[in-house]
Amino acid sequence: MGSRDQKNYKVGRAICDQIRVAGSVKIYNRIKNSFTGPPDIYFIKEQLALYRWRKQFFLAHFPEDTWTTDCNFGCGKLGFSSEIHSMAAIHYNITENFDQVLKLAYEDSRPDPLHFPTDYFSMWSLNKFEWDK
């Protein structure tokens, strides 16, 4: 199996794992891109489970201090810690950029330094998918 085939297999397996977490292909297709709006009242349990799976996937493949993000919002002057930027970047990338996260996770050669974008106006602290902590 070639490198490209291995990468496609791993991406496919990750998608199958997400489907398993959601409970079915139909539910997965309904909720996989639904993290930017209000939770789907009928599938909130599945959305929370998928969010947690994606976050664990991100943290397993991109450990702390192996990637960067940035802020153009003046947070240093406002006294916000760098943890806020990391959590906002993780949230943004697992909810709005997960296809790219999957591809990067299995790249043979990653950009150096690895940089993830963030949504500077997304309030990670108000993120409804982190409330179960």
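Rings of Phe, Tyr and Trp (its six-membered ring) are paired if their centres lie within 6.5 Å; planes under 30 degrees apart count as stacked, over 60 as edge-to-face and the rest as tilted. By this criterion, Trp53, Phe57, Phe98 and Tyr106 form one aromatic cluster. The structure is a predicted model, in which local features need pLDDT of at least 70 and side-chain atom pairs count only at pLDDT 80 or more, while totals for chains, interfaces and linings use all residues. Residues are numbered from 1 along each chain as its sequence is written, and side-chain values use heavy atoms, with hydrogens and water left out.

The protein chain holds six helices and zero strands. Its pattern along the sequence is α-α-α-α-α-α. Helices (H or I, at least four residues) and strands (E, at least two) are DSSP runs, numbered from the N terminus. Of the 133 residues in the protein chain, 37% are buried. Buried means under 20% relative accessible area, exposed over 50%, and partly exposed in between (1.4 Å probe, protein chains only). Contact means heavy atoms within 4.5 Å. Among contacts between residues at least 6 apart in sequence, 68% join residues at least 24 apart.

Helix α3 (residues 44-61) packs against helix α6 (residues 98-105): their axes come within 11 Å and cross at roughly 35°. Axes are lines fitted to C-alpha atoms, for helices over the stretch in contact; angles run from 0 to 180 degrees between N-to-C directions. The crossing of α3 and α6 is left-handed, a term for a near helix turned anticlockwise from the far one by less than a right angle (right-handed if clockwise). Helix α3 contributes Trp53, Arg54, Phe57, Phe58 and His61 to the contact, and α6 contributes Phe98, Val101, Leu102 and Ala105. These residues divide into seven nonpolar, one polar and one charged. Here Ala, Val, Leu, Ile, Met, Phe, Trp, Tyr, Cys and Pro count as nonpolar, Asp, Glu, Lys and Arg as charged, and the others, Gly among them, as polar.

The structure holds 10 aromatic pairs. One of them, Trp53 with Phe98, is edge-to-face, at 6.3 Å centre to centre and 70° between the planes. This pair links distant parts of the chain, with Trp53 in α3 and Phe98 in α6, 45 residues apart. Both Trp53 and Phe98 are buried.

In soluble globular proteins, nonpolar side chains tend to be buried together. A nonpolar core is a set of buried Ala, Val, Leu, Ile, Met, Phe, Trp, Tyr and Cys residues joined through side-chain atoms within 4.5 Å. The largest such core has 28 residues, and Phe57, Phe58, Phe62, Trp67 and Phe116 have the most contacts inside it. Two or more residues come from each of α1 (3-22), α2 (25-31), α3, α5 (82-96) and α6. Not counting residues up to four places away in sequence, Phe116 touches Phe58, Phe62, Trp67, Thr68, Thr69, Asn93, Val101 and Leu104.

Several local features lie elsewhere. Arg20 is found in helix α1. Arg20 counts as exposed because its relative accessibility is 61%. Its C-alpha atom is separated by 9.4 Å from that of Leu50, 30 residues apart along the chain. Asp65 lies in the loop between α3 and α4 (75-78). Although not a glycine, Asp65 has a positive phi of about 75°. At 74% relative accessibility, Asp65 counts as exposed. The peptide bond from Asp112 to Pro113 is cis, with omega near 5°. Pro113 is placed in the segment after α6.
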